[in-house]
Amino acid sequence: MACQHLESITLSPPTPAQSVYREDCTQCFDSIDDPEGLDVCLQCFNGGCVGARTHSQLHYATTNHPLVLNVRRTRKQVVKDEPPAKITKLAIAAETEADRYDITTAVRCHECAKELDKFHSKLAPLVDGILKANTFSRQEEVKAWEQEMATCEHILMLQQETSRKIESGELGHCSECDLKENLWLCLVCGNLGCGRAQFGGVGGNSHGLAHATGSHHAVAVKLGSITPEGSADVYCYQCDEERLDNDLAPHLAHWGIILADQVKTEKSLTEMQIEQNLQWEFSMTTDDGKELRPLFGPSLTGLKNLGNSCYLASILQCLFDLPAFQGRYNIPSADPPIVPDPAQDLETQLRKMADGLLSGRYSKPDSDAVASEHPPESPHQKGLAPSMLKHLIGRGHAEFSTMRQQDSFELLQHLIKLITRSQHPAPLVDPTQPFRFATEQRLQCINCKKVRYSSTEQDSIFIDVPLEKLPQSKEREGEAYRPVTLEECLNRFTAEEVVELNCPACASKLGFMKRTLFKTFPTTLVVNARKMTVENWVPRKVDVPVIVGDGPFSMGEYLSPGHQESEELLPEEDKDASSVFTPNESALDQLMAMGFPRNRCERALHATGNSDANVAMEWLFAHMEDEGIDDPLVLTSSSAGESDAPDPEKIEMLGAMGFNAPQARKALKETNGDVERAVEWLFSHPDDEGDFSEESGTAAEKPTALAGSADLPANFQLQSIVCHKGTSIHAGHYVAFIRKKLGLSEQPKWVLFNDEKVVEAGDIEEMKKTAYVYFFNRV
């Protein structure tokens, strides 16, 4: 008896624009390499595991999509008893997936509990389309690597010769040789020429380039890269750049090629660039050539490098080492979130990451590692690919959505912001809360000695590392800097300094003495060590050794004593007296020298008390994505601000419908306070996180307790560090070092997380000197 669902459900192969999750489950890291394989939904192409967690069955229960394609991948057993083939100039050998694996597929219906004929006329093209489609991770890599391509004058002024029918597909071949792939069509005259030999074994004799050089015809398109949606590799030989052709359809139709009929048969230049980029490997040995011991087990799982994702991997390893993140997201006994698209849900992906890193199920030697009698390295892990989480974190962000290397500390700030804005229903709590604490700034007029105190809530601190070059030495190559201690850096952070401000009490222009101390301490103190110098107006990172011990140290001396009875307070400023803000010139100059626009700097200074460049910089990193951050600062009276605030009762009404306060506030502002229209706006803007620029009137009336604790003693101990090698924080390589108890050992040992490789660390003292982000736990 045939499956009734096969006949009643409309099925169509995935388009290049659709995501196909055929590598790993969208709710855990079980994959097609597991014995049970992975089920790919034939309607929405969601990937669900078939093992103990049965997320495929859960997907069917929540979506009523019964038909799935089960995909299993097994490593081919290849005996390499012959030397590899000699690499020629015309073919760059590269092992393909088909060379490495056997793929087994089966179509099943959940509701009928039966296996279907995958060669059925309705299923065969669908199965073929799923297997040939780019996986979600590769698709996102391609999008991220896509260059900001533009057209050029040679395309805009393109003059095509008399049209004729061009042979394509199996009949087309290079006009100068017999190659039938990697063919480039000259859009001027219709000549077919083969391209250059490319990574991945794609042959080419450069006859397309020779034609362009001899004929001065500038523009060509790669035939196998054309999709029905209109994307293709278009190259301008005159500009020597990949370009965008907005009139590609008519240009192709001129040669009898109908865009809508095309099927992409070859990898694009971008896809091949990704494959080449992912070939880089790093040795894991000590200075004397001894190999570091790989580690496996719970909390010892590596993360695969997606191209330039080490900045993300290092931060994730440090975060999920913290009890707050483990308690918030590692909850295997809880039901997974019921959402339409698990791959696009931050809560689901953070739970998936916690389970992957902490469970130990995926921390095992890579079964694909090639073993020999004398292996050059011990087999490491395969590593988990954090592609879905990386996509969510970077969605809509100008930098984190790309495949370029990024600043790991900026990523941490961005991730804290996303998690803070997420919902944390009781009894779950925000895992970033342990980072928060308050600093207190004390200003004292140099002339009249009156003081003012102000506090700022933060989740991290920046420390300026003093730069003192050591004299040149024959024993030492290159430049070197004097080592400094963490205590020296903290002393600089809390030291008194003179700031240029006019005193509102005595009108003195002598300035103020300013000092910033801790008003409370966090559970986990995050410290970013800035080791930057400026050469020819270009910032450059330098490796200054910062000496940090393994043992606990006290922070009690940096606790602010607060306002003393003997101190006379400065009068409070009249906030409504003037709408003109005059920024602290010294702090403004410091911020602008770091490359921030003036309007953004003024906003930061206004929001943080207009005196401290470090606090203002902290504010800038936390608000870089705020709408209008670069608009001129316009001040309004407090009464005007109150009149524009949404009605707290309306916010509460929307809250009862499941919307959080920032979303409700934004919707009411967008709809002039109309609740019904606000509901419609919310449903039509599901990805909008809301308005966090102000608190509701009800919340403003209730003073909130300061984050952190002022209890003494305040002892901290180094728990983990993110290290960076390279001359720029936007280049080079990031790794993480984390203190963990290994086996039966009572004393924690340092573990190095270098992407997918997890090893017992060697010379930790050397790496601690070049650390970039520190995580200190209160003990």
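Tutor: Buried means a relative accessible area under 20%, exposed means over 50%, and partly exposed lies in between (1.4 Å probe, protein chains only). The model is predicted, with local features needing pLDDT of at least 70, side-chain atom pairs counting only at pLDDT 80 or more, and totals for chains, interfaces and linings using all residues. Residues are numbered from 1 along each chain as its sequence is written, and side-chain values use heavy atoms, with hydrogens and water left out.

Student: Why is D355 called buried?

Tutor: D355 has a relative accessibility of 14%, which is under the limit for burial, and therefore D355 counts as buried.

Student: What makes the pair of D355 and R361 a salt bridge?

Tutor: A salt bridge requires a side-chain nitrogen of Lys or Arg within 4 Å of a carboxyl oxygen of Asp or Glu. The closest N and O atoms of D355 and R361 are 2.5 Å apart, so the pair meets the rule. In general, side chains of opposite charge can pair when their charged atoms come close.

Student: How many salt bridges does this rule give?

Tutor: The count comes to 24 salt bridges. One of them joins the side chains of D24 and K352, at 3.4 Å from N to O. D24 lies in the loop between α1 (4-8) and β1 (38-41) and K352 in helix α12 (residues 346-358), so this pair ties together parts that are 328 residues apart in sequence. Here helices (H or I, at least four residues) and strands (E, at least two) are DSSP runs, numbered from the N terminus.

Student: How do you know whether D24 and K352 are buried or exposed?

Tutor: D24 has a relative accessible area of 11%, and K352 has a relative accessibility of 2%. Both values are under the cut-off for burial, so both residues are called buried.

Student: Which parts of the chain are linked by the salt bridge of K519 and E440?

Tutor: The side chains of K519 and E440 meet at 3.4 Å, N to O, and so form a salt bridge. This pair links distant parts of the chain, with K519 in the loop between β18 and β19 (524-530) and E440 in strand β13, 79 residues apart. At a relative accessible area of 28%, K519 is partly exposed, whereas E440 is buried at 8%. Elsewhere, salt bridges that share partners join D33, R73 and K382 into one network.

Student: What makes helix α13 largely enclosed?

Tutor: Helix α13 (residues 387-394) has eight of its eight residues buried, so the rest of the structure largely encloses this helix. Among the buried residues are S387, K390, H391 and G394. Just after α13, G396 takes a positive phi of about 80°.

Student: Why is A507 called exposed, and what is its phi?

Tutor: A507 has 58% relative accessibility, which is over the limit, so A507 counts as exposed. Phi of A507 is near 65°, a positive value in a residue other than glycine. A507 sits in the loop between β17 (497-499) and β18 (512-518). Most residues other than glycine have a negative phi, and most peptide bonds are trans. K449 also has a positive phi, of about 70°, although K449 is not a glycine.

Student: Where are cis peptide bonds found?

Tutor: One joins A426 and P427, with omega about 5°. P427 lies in the loop between α14 (408-421) and β13 (437-445). Another runs from L712 to P713, with omega near 0°, and P713 lies in the loop between α23 (697-701) and β24 (715-725).
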